[in-house]
Amino acid sequence: MHEDLDLYEPADRELILRHVPWTAWLGPGQSAERRRRLLARAARERTGLVVKPSYGHGGAGFLAGHEVAPREWLGLLARCSRETTLVLQHRLVPDRTRMCFRAPDGARRVARVPFVLSPFVLDGRGAGALVRHPGPGPGRATGPVNTAAGAVSNTVLLLGDPGAGRPAGGG
C-alpha cells in the first residue's frame with residue numbers, strides 16, 4: 001500500500017500512513033536494483049523490522065530483526081530471499097487492554113494483554129474486525145501477537161442501523 005500511496009485519496013493516504021505498517025516483498029523475480037535497495041534499507045532499519053514468509057498463516061516463520069545479530073540479519077535475508085519470497089514489515093508495538101480470563105482453578109483473573117485489531121471494510125465502511133490476543137500466561141505478552149505464537153482469534157461484526165445511519169448501539 002505504501003508503494004501505491006499516490007493512487008489513494010488524501011484521507012485514505014493519511015489513514016494508511018497512520019495505521020498500516022510499511023511492508024515490502026523481497027524475493028526471486030525482483031529486479032537487482034530493487035533487491036539492493038530493500039536489502040540496504042533492511043540493514044539500516046533491522047531493529048524496527050520483522051520478516052516472515054509470504055505464504056502460510058498464523059505468523060509461522062515470523063522473525064523480529066532486533067532478535068538477530070546485525071551481521072547475521074542481512075545474510076539471512078539475502079540467502080532466504082533467493083529461494084522464496086519474504087515479507088518485510090515495520091514492527092508494531094501492539095496496544096494493551098485489560099481482559100478477563102478463567103484460571104485453571106476456575107477463578108476469574110484480569111490481565112493486561114497486547115492485542116491486534118484488523119478491520120474489515122466493505123463499501124468504504126467498517127463491517128467487522130479480527131481481534132488477536134494472547135492468553136495471560138508468562139511470556140505470551142512479549143512476542144508477536146499471532147496464532148503461531150499462541151494468540152487467540154476472535155471476530156467482531158458491526159451491524160448498521162439503517163434507520164439511524166450509524167452502527168447499532170452507537171451513540
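**The open sheet**

Modeller: E5 and E6 are antiparallel and are joined by 8 bridges, where strands (E) are DSSP runs of at least two residues and helices (H or I) of at least four, numbered from the N terminus, and two strands count as paired if DSSP finds at least two bridges between them. This is a predicted model, in which local features need pLDDT of at least 70 and side-chain atom pairs count only at pLDDT 80 or more, while totals for chains, interfaces and linings use all residues. Residues are numbered from 1 along each chain as its sequence is written, and side-chain values use heavy atoms, with hydrogens and water left out.

Within this pair, arginine 102 faces arginine 108 of E6, and the hairpin that links E5 and E6 has 5 residues between the strands, with glycine 106 among its residues adopting a positive phi near 90°. Strand E6 (residues 108–122) is also antiparallel to strand E7 (residues 125–133), to which 7 bridges join it, and here phenylalanine 120 stands opposite glycine 128 in E7.

Taken together, 4 strands make up an open sheet with antiparallel pairing, in the order E5-E6-E7-E8. Strand E5 (95–102) and strand E8 (152–157) each have a single partner strand and stand at the edges, so one side of each has no neighbour in the sheet. From one strand to the next the twist averages 40°, an angle taken between the N-to-C directions of axes, which are lines fitted to C-alpha atoms, and running from 0 to 180 degrees.

As for the rest of the chain, there are 3 helices and 10 strands, and they follow the pattern α-β-α-β-β-α-β-β-β-β-β-β-β along the sequence. The largest nonpolar core has 14 residues, of which Trp22, Leu26, Ala42, Val51, Trp73, Leu77 and Leu88 touch the most other members; such a core is a set of buried Ala, Val, Leu, Ile, Met, Phe, Trp, Tyr and Cys residues joined through side-chain atoms within 4.5 Å, buried meaning under 20% relative accessible area with a 1.4 Å probe, protein chains only. Strand E1 (23–26), H2, strand E2 (49–53), helix H3 (70–83) and strand E4 (86–90) each give at least two residues to this core.

On confidence, the chain has an average pLDDT of 82, and 87% of its residues score at least 70, pLDDT being the predictor's confidence in each residue, from 0 to 100. Among the elements, helix H2 (residues 32–44) has the highest mean pLDDT (94) and strand E10 (residues 166–167) the lowest (53). Where pLDDT is low, the predicted coordinates should not be read in detail.

Methods. Buried < 20%, exposed > 50% of the residue type's maximum accessible area, 1.4 Å probe, protein only.
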